[in-house]
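Here is a short briefing for a first look. Please keep the sequence and the model open beside it.

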Amino acid sequence: LSDDKTMLWRGEATQYEAATENTFNSSVIEAVVKMMAIENVRGTGVSFDDVDVEDEGYSYVLAAAQYGIVQGSEGNFYPERKITYLEATTILVNALGYKNYAVSGGTPMTGYLKVAGDIGVNDNITASSDTLVTVGMAARMLLNAGNANMLNVSFSGNRVNQTKGDTLFWEMQKIKKGSGILSANEYTSLNSPNGVGDDTVRIGSFEGNIYNTDSDVRYLGCYVEYYYQEVNGEYTVYYMEPVKNKNNIIIIESENINSFENNTIYYNVNNKIRRENILPGTYVIYNGKQTLEYYFEKDGVRKSIFDVENGDIVLIDNDNDGDVEVVNITSYENYVISGFDMKNEIMYDLYDSDKIINFEENDDNSWIITDISGAILKFDDLKENDVVSVAKSRDGEFLRAVVNDEKKNGTVTTKRIDDG
């Protein structure tokens, strides 16, 4: 659930929502403690029989116990037990400072669930108290908790004062939230094939660095909410996701594409033909780069960029006016990796010796490898026999490849690549 800071920094909550495996007490506690920036808390007087000082998660459990976020049961914490929805809710409500409200609101189940509903912790979550929490549910609950206002407690003599503070993200991490249309990334802009600088995004009038994710590629053209931090005048975006009520998005898989004629795309939905007009001024992104050219020659045949054999076309209405503002086309060519030239960062195709992927030598910043969540991987994480679906921009300066094997799914994103 967590990596450098928390699961939130590591990838997209919307991507994690597809993850159906259950998560554990220790994983949720680690994520919460890191999100609250209290992992270095030290103290005495709190211990659990089943958590040893040598255990990897000892410091997180200790910090959570010191802050009253967890109390265990019968002297145990049960770190490897699958966590229920009520247990996860209890942890997050306690972390936000609402424990007294929750325990005075009836039974633990009714009190904690009511408070969680009031402050938004369980927004977009449907579960009963004993439902086992999946990684996807935990991701959404953590994001909700980060956006919830904390309850601050202070003492004046015998008097206890409780006041609502700012969001957990701001109080504990100085993370701010903004929103706008993601109009440019390192590789391209909506209105130009030129990007805005290494690891940089433009959202509305905001510009900042993007941290450890490929969301700037996946969500280009969408109206997004983003979370960022300012340090010494430098802005870093840690997370973004499309705003559901701001975007109307249609994803057309390649097998459902019928034709493209007179600036109109025809596609199949439940055996019926639908169409969408591509109006003048619509921004078109082809394999990660803006383009004004809808047609090209291949093997002596005139083809349209809308003739996608393997991939999809994403139609984005980012202001809900009924018109498509952005078309994002991804067209793949398949490779099977037979081997590597690690020194020169070259990948070879198993079935065609003339097909290689040649990354520019000695440029560590020219490519990005991610897993299915958008988290960054390394070049040497790729393995022989991986099936790689490659999408290359028309100018050859940007390449994205989806990597599939039994152990991992991910993407490789790169620029300035020579194939040959």
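The points below cover strands, loops, salt bridges and surface charge.

This is a predicted model, in which local features need pLDDT of at least 70, side-chain atom pairs count only at pLDDT 80 or more, and totals for chains, interfaces and linings use all residues. Residues are numbered from 1 along each chain as its sequence is written, and side-chain values use heavy atoms, with hydrogens and water left out. Helices (H or I, at least four residues) and strands (E, at least two) are DSSP runs, numbered from the N terminus. A search of the whole structure finds nine salt bridges.

**The five-stranded sheet**

- An open sheet is built from five strands in the order β8-β16-β17-β12-β13, with mixed pairing.
- The edges are β8 (248-253) and β13 (289-290), each with a single partner strand, so one side of each has no neighbour in the sheet.
- Two strands count as paired if DSSP finds at least two bridges between them.
- Strand β16 (residues 311-317) pairs with strand β17 (residues 326-331) over six bridges, in the antiparallel sense.
- Within this pair, Gly311 stands opposite Ser331 in β17.
- In a regular strand, side chains alternate between the two faces of the sheet.

- Strand β18 (residues 333-341) and strand β19 (residues 346-349) run antiparallel and are joined by four bridges.
- Ile337 stands opposite Asp349 in β19.
- The hairpin of β18 and β19 has four residues between the strands, and Glu345 there takes a positive phi near 55 degrees.
- β19 also runs antiparallel to strand β20 (residues 356-358), with three bridges between them.
- Ile346 has Asn358 in β20 as its bridge partner.

**Residues with positive phi**

- Lys174 has a phi near 55 degrees, a positive value in a residue other than glycine.
- Lys174 sits in the loop between α9 (168-173) and β3 (175-184).
- Lys174 counts as partly exposed because its relative accessibility is 44%.
- Asp199 is not a glycine either, yet has a positive phi of about 55 degrees.
- Asp199 belongs to the loop between β3 and β4 (200-203), and is partly exposed at 35% relative accessible area.

- Asn247 lies in the loop between β7 (234-242) and β8.
- Asn247 is buried, at 10% relative accessibility.
- Asn247 and Cys222 are 25 residues apart in sequence, with 6.7 Å from C-alpha to C-alpha.
- Asn152 is in strand β1 (residues 149-156), and is partly exposed at 29% relative accessible area.
- Asn152 and Thr163 are 11 residues apart along the chain, and their C-alpha atoms are separated by 5.3 Å.

**Salt bridges**

- A salt bridge here is a side-chain nitrogen of Lys or Arg within 4 Å of a carboxyl oxygen of Asp or Glu.
- Glu30 forms one with Lys34, and their closest N and O atoms are 3.2 Å apart.
- Glu30 and Lys34 are about one helical turn apart, because they lie four residues apart in helix α3.
- Glu30 is partly exposed at 21% relative accessibility, whereas Lys34 is buried at 10%.
- Asp118 and Lys114 meet in a salt bridge of 2.9 Å, N to O.
- These two, Asp118 and Lys114, are also four residues apart, in helix α7 (residues 108-119), and both are exposed.
- Glu333 and Lys355 meet in a salt bridge of 3.6 Å, N to O.
- That pair links distant parts of the chain: Glu333 is in strand β18, and Lys355, 22 residues away, is in the loop between β19 and β20.
- Glu333 is partly exposed at 42% relative accessible area, whereas Lys355 is buried at 18%.
- Lys289, Asp395 and Glu397 are linked in a network of salt bridges.

Methods:
Buried means under 20% relative accessible area, exposed over 50%, partly exposed in between (1.4 Å probe, protein chains only).
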